[in-house]
Amino acid sequence: MDELTLLRRTRDDNIEPPRDALNRGRAALLERTGQNTRPPARTKASPRRGKKFAIGGLSTLGAAALATGLVLTNVVGLAGWRGGADPAAAAVLDEAAASTIVTVDPVLNPGQYLEVRTSSVHLVDGQSGDITASFQYGSEDTMYLPADIDEDWVWVRSPQKVVNTFGKDSETVAEEWWRDVSSSDSFETGDILRAPGGAFYGGNPGAGLGDLDALPRDPYRLLNYIYRVTLGTGPSPDTQALVYIADHLRIGAIPADLRAAMYQAAAMIPGVTFVDDQATLDGTTGVAIGRVEEAWGTRFEIIIDPDTGAFIGNREVLLNDDAGVPAGTAFAWSTVTTTIVDQAPDGGTVCGKMSTDPDTGKC
């Protein structure tokens, strides 16, 4: 029994996936056989993001039926029967999946760490007196994941800083924000944390890494799982599915087989298109694949290297001028790089610079 026959037997036979999706999956299979927990900035500024919407294009009854189907199973759902990415985007994602599946995941020896370095930029609305304007701030974080994930993780958080302004009012608002955060002794000015299993700030250990093994490696099942767990969030199921994939790839410790499945799942999301084959993000160039979200007025993109399957990062591009920020601005983006190191920085506590409740021991 081949993989496609097995897949069909696990799906509702009344819902056939599109032929081009099956062809892409078969081609990728044949070719194969030959990678923010940061709390918001403490300021008068607030992060920019669009509104949340219900499932677009579905009646209340249809949405309820869909929700029931997605909750009952991760096999029958939205994946595969509403089209998918355009041919150029699908080709890039399939190439990246094929490259990824032959990648050897880094192996850590006892005492070593996987260093995951993330750079991020965000757009916020701020206020100074009667002036309201937008500006961008950035940060860099480095996570040290031990060979034994139950041991101490170390999280180095760099100071946040203003990276871009949009005119005089924007400069005024950004300057007041900077005066506020630079005089603070809390996490906004940089910090170092250390916690067994990554349970920073008293959170749950593992930061989701322990659940990765349970995620489906079949792209159809994986995409339906993503639709199910993100149901009712974000502006639309399809954009939120792409956001989910980007958020997980940005962890930097996703196994190769799961990365490949995520690329193939992204190729089945309707509205995903090829954007640019020379997309540069924080000095690294790759191919941009994205999806326009009218509810946000933005295009959400992932940047990948199809030759190696490496995930470079993600960005959101403004489609129209908005409150002084010009159209075409990559108003939010993140990149991730990983390497193996022999040691992590010393110091750090579970709560970092935050105070600890003497009674509960919590932050």
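Predicted model: local features only at pLDDT ≥ 70, side-chain atom pairs only at ≥ 80, totals over all residues.
Biologist: Let's start with charges. What makes Asp238 and Arg82 a salt bridge?

Modeller: Their side chains meet at 2.6 Å, N to O, and the cut-off is 4 Å between a Lys or Arg side-chain nitrogen and a carboxyl oxygen of Asp or Glu, so the pair qualifies. By that rule the count comes to eleven salt bridges. The Asp238–Arg82 pair links distant parts of the chain, 156 residues apart: Asp238 is in helix α7, and Arg82 is in the loop between α3 and α4.

Biologist: Asp141 and Arg157 have their closest N and O atoms 3.8 Å apart. Why is that called a salt bridge?

Modeller: The limit is 4 Å, so 3.8 Å still passes. Asp141 lies in strand β3 and Arg157 in strand β4, so the pair ties together parts 16 residues apart in sequence. Asp141 is buried at 11%, and Arg157 is buried at 2%.

Biologist: What makes Arg157 count as lying over the face of Trp155?

Modeller: Arg157 is at 4.4 Å from the ring centre. The distance cut-off is 6 Å, with a limit of 35 degrees from the ring normal as well.

Biologist: On to rings, then. Why is the Trp155–Phe200 pair called tilted?

Modeller: The ring centres are 5.3 Å apart and the planes are at 55 degrees. Trp155 is in strand β4 and Phe200 in the loop between β6 and α6, so the pair ties together parts 45 residues apart in sequence. Trp155 and Phe200 are both buried.

Biologist: And what makes Tyr113 and Tyr144 edge-to-face?

Modeller: Their planes are 85 degrees apart, and edge-to-face needs over 60, so that settles the label. The centre-to-centre distance is 6.5 Å. Tyr113 is in strand β2 and Tyr144 in strand β3, 31 residues apart. By the ring rule the count is six aromatic pairs.

Biologist: How do you know that the side chain of Arg194 reaches Gly347?

Modeller: The Arg194 side chain is 2.9 Å from the backbone oxygen of Gly347, and a polar contact needs N or O atoms within 3.5 Å, so it counts. Arg194 sits in strand β6. Leaving aside neighbours within four places in sequence, the contacts of Arg194 include Trp153, Phe200, Pro345 and Gly348.

Biologist: Last one: what makes Asp218 a cap for α6?

Modeller: A side-chain oxygen of Asp218 lies 2.9 Å from the backbone nitrogen of Tyr220, at the N-terminal end of α6. With 3.5 Å as the limit, that distance passes too. Tyr220 is among the buried residues of α6, as are Leu222, Leu223 and Ile226.

How values were computed. Residues numbered from 1 in each chain as written. Heavy atoms only, no water. Buried < 20%, exposed > 50% of the residue type's maximum accessible area, 1.4 Å probe, protein only. Helix = DSSP H or I, 4+ residues; strand = E, 2+ residues; numbered from the N terminus. Polar contact = N/O pair within 3.5 Å; in protein donor to acceptor, adjacent residues only side chain to side chain. Contact = heavy atoms within 4.5 Å. Phe/Tyr/Trp six-rings, centres within 6.5 Å; stacked < 30°, edge-to-face > 60°.
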